[in-house]
Amino acid sequence: MDRAELGRRGEDAAAAYLERTGMTVIERNWRAACGEMDLVALDGEELVLCEVKTRRTPVRGTPEEAVGPAKQKRLAKLAAAYLQRMGDPDQQVRFDVIAIQLLSRDRALLRHHRRAFQLESGH
């Protein structure tokens with residue numbers, strides 16, 4: 001399985017998980033000039049922007065560790081672009097991370113980090 005396939009499988013698993021927990025996935029792989037948002041969902045009335053990280057092994061760190069400050073800044077830019085396009089730039093959003101660690105060919109450990117990080121507003 002190549003990296004793209006690994007990522008797709010992780011995102012499929014994450015989207016299915018969110019739906020099972022009662023969220024509604026409204027966008028997958030939403031793209032803007034500054035990058036791509038893996039999943040956009042509604043948790044009740046709350047807009048959730050979700051980064052999905054899938055790893056085969058922990059050699060390069062946990063999936064969560066891949067969402068460091070630089071990635072968080074890119075996600076903030078994506079959030080602003082998404083909200084602008086949707087016509088509600090002041091909408092509050094929640095940033096979640098779903099970390100998936102493969103255990104075997106047909107098993108994986110999924111960790112959902114709600115409010116994984118917050119960004120300070122520029123106001």
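In the predicted model, the buried residues of helix 1 are Leu6, Gly10, Glu11, Ala14, Ala15, Tyr17 and Leu18. These residues cover an arc of only 165 degrees around the axis, which means that they lie on the same side of helix 1. Such an arrangement can be read against the geometry of the α-helix, in which residues three or four places apart point the same way because each turn takes 3.6 residues. The cover over the buried residues of helix 1 includes strand 1, strand 2 and strand 3, together with strand 4 (93–104) and strand 5 (107–117).

The length of helix 1 was examined next. With 18 residues at 1.5 Å a residue, helix 1 should span 26 Å, and this agrees with the separation of its end C-alpha atoms, which are 26 Å apart. Gly22, which follows helix 1, has a positive phi, near 100 degrees.

Helix 1 also contributes to the largest pocket, providing the largest share of its lining with 6 residues. The space in this pocket amounts to about 650 Å³, and the elements that give two or more residues to its lining are helix 1 (3–20), strand 1 (24–32), strand 2 (35–43) and strand 3 (46–55). In total, 20 residues line the largest pocket, and those nearest its centre are Arg3, Gly7, Lys53, Thr54 and Arg55. By residue class, the lining of the largest pocket comprises 12 charged, 4 polar and 4 nonpolar residues.

Conventions
Residues numbered from 1 in each chain as written. Predicted model: local features only at pLDDT ≥ 70, side-chain atom pairs only at ≥ 80, totals over all residues. Heavy atoms only, no water. 1 Å grid on protein atoms, 1.4 Å probe; cavity = no way out; pocket = protein on both sides within 12 Å on 5 of 7 lines; lining within 4 Å. Points joined across faces, edges and corners; volume = space filled by probe spheres on them. Helix = DSSP H or I, 4+ residues; strand = E, 2+ residues; numbered from the N terminus. Nonpolar A, V, L, I, M, F, W, Y, C, P; charged D, E, K, R; others polar. Expected span 1.5 Å × (residues − 1). Buried < 20%, exposed > 50% of the residue type's maximum accessible area, 1.4 Å probe, protein only. Arc of directions from axis to C-beta. Contact = heavy atoms within 4.5 Å.
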